[in-house]
Amino acid sequence: MGFLLGLLFLGHLMMVTYGHPILEAPESVTGPWKGDVNIPCTFAPLKGYIQVLVKWLVRRDSDPITIFLRDSSGDHIQQAKYRGRLHINREVLGDVSLQLKTLEMDDRSHYTCEVTWQTPNGNQVVKDKIIELRVQKLPVSKPTVTTGNGYGFTVLQGMRISLQCQAEGSPPISYVWYKEQTNNSEPIKVATLSTLLFKPAVLANSGSYFCTAKGRVGSEQHSNIVKFVVKDSSKPHKTKTEAPTTMQFPLEREGLPIFVIILIIILCCMVVFIMTYIMLSQKTSQQEHVYEVARSSISEEIASAYV
């Protein structure tokens, strides 16, 4: 009897422990000073469980303070310090992550994600997770250069295109664009924004460019030099032609797989073998026919002679 009661209690304990939604969140998150951060807090929705309340709390002087509340009446930011900076995801069911913008050093603290559900039997269950938020002053990384709208660095004259410089680190980050000179003189400054816009691109814009990035902390970082080429759209494009004295195997030019090339070679060999066999067979047949005609003629001559 005691053993049976123990099993029932264990089953009830497992139902209580594993039968409810489980919050998932990291132990700590690091965000850049003056930048934005996402503090994850998610759960897998369970059938019959209805989310009725979401809270985010922050520890201040050892006491937790509610900074966000979501209930049936909507979303409520409880502290003026976070208004305009705090957002809780509501587009994805089971995701109640906190996004905090423009981090300050005093945002460092322990944040609590707390969710309340109504269970299928009408009761309520509450789960929470504590996440430590760390704020660091991050130096800028080496900037990368890309082109807007996915274009390459070779464009036609008249196109509207931009070169974009991007680096990671604590904002604000200041950017400067430079263009290399052909006479080995110092590069000239052409823009002081992250985007270098050509509207439209002209032949004179062709050249070598690079950008620099400087943040609140750390040294200035330089990107790699990129060669930007603007082609004359009025001239016909040159197409690659084969030299008349050079024969190239078309399979190699098209880049066919090696096994396909081998298969084609084997088939060609089989065709040559079959053609050779047919020609030899025809020649043998002709020789036999000539032999038969000659033998027949000799026989007729011999017969005539006896007559």
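Colleague: What is the torsion about the S-S bond of Cys 165 and Cys 211, and is the disulfide right-handed or left-handed?

Modeller: The torsion is about 75°, so the disulfide of Cys 165 and Cys 211 is right-handed. Cys 165 sits in strand S14 (residues 161–166) and Cys 211 in strand S18 (residues 207–214), so the link joins distant parts of the chain, 46 residues apart. Strands here are DSSP runs of E, at least two residues long, numbered from the N terminus.

Colleague: How far apart are the sulfur atoms of Cys 165 and Cys 211?

Modeller: They are 2.0 Å apart. A disulfide is called when a pair of cysteine sulfur atoms lies within 2.5 Å. Before going on: this is a predicted model, where local features need pLDDT of at least 70, side-chain atom pairs count only at pLDDT 80 or more, and totals for chains, interfaces and linings use all residues. Residues are numbered from 1 along each chain as its sequence is written, and side-chain values use heavy atoms, with hydrogens and water left out.

Colleague: Is Cys 165 buried or exposed?

Modeller: Cys 165 is buried, with a relative accessible area of 5%. Cys 211 is buried too, at 0%. Buried means under 20% relative accessible area, exposed over 50%, and partly exposed in between (1.4 Å probe, protein chains only).

Colleague: How many disulfides does the structure hold?

Modeller: Two. Cys 41 and Cys 113 also form one, with sulfur atoms 2.0 Å apart. That link is left-handed, with -80° about the S-S bond. Cys 41 is in the loop between strand S3 (37–39) and strand S4 (42–43), while Cys 113 is in strand S10 (residues 109–118), 72 residues away in the chain. Cys 41 counts as buried at 0% relative accessibility, and Cys 113 is buried at 0% as well.

Colleague: What is the pairing in sequence order?

Modeller: Numbering the bonded cysteines of the protein chain in sequence order, the pairing is 1-2, 3-4. Cys 268 is in no disulfide; the nearest cysteine sulfur is that of Cys 269, 6.9 Å away. Cys 269 is in no disulfide either. Cys 268 is partly exposed at 44%, and Cys 269 is partly exposed at 47%.

Colleague: Changing topic, where is Thr 147, and what does Thr 147 touch?

Modeller: Thr 147 is in strand S12 (residues 144–147). Not counting residues up to four places away in sequence, Thr 147 touches Gly 152, Phe 153, Ile 161, Ser 162 and Leu 163. Contact means heavy atoms within 4.5 Å. Thr 147 counts as buried, at 10% relative accessibility.

Methods:
Helix = DSSP H or I, 4+ residues; strand = E, 2+ residues; numbered from the N terminus.
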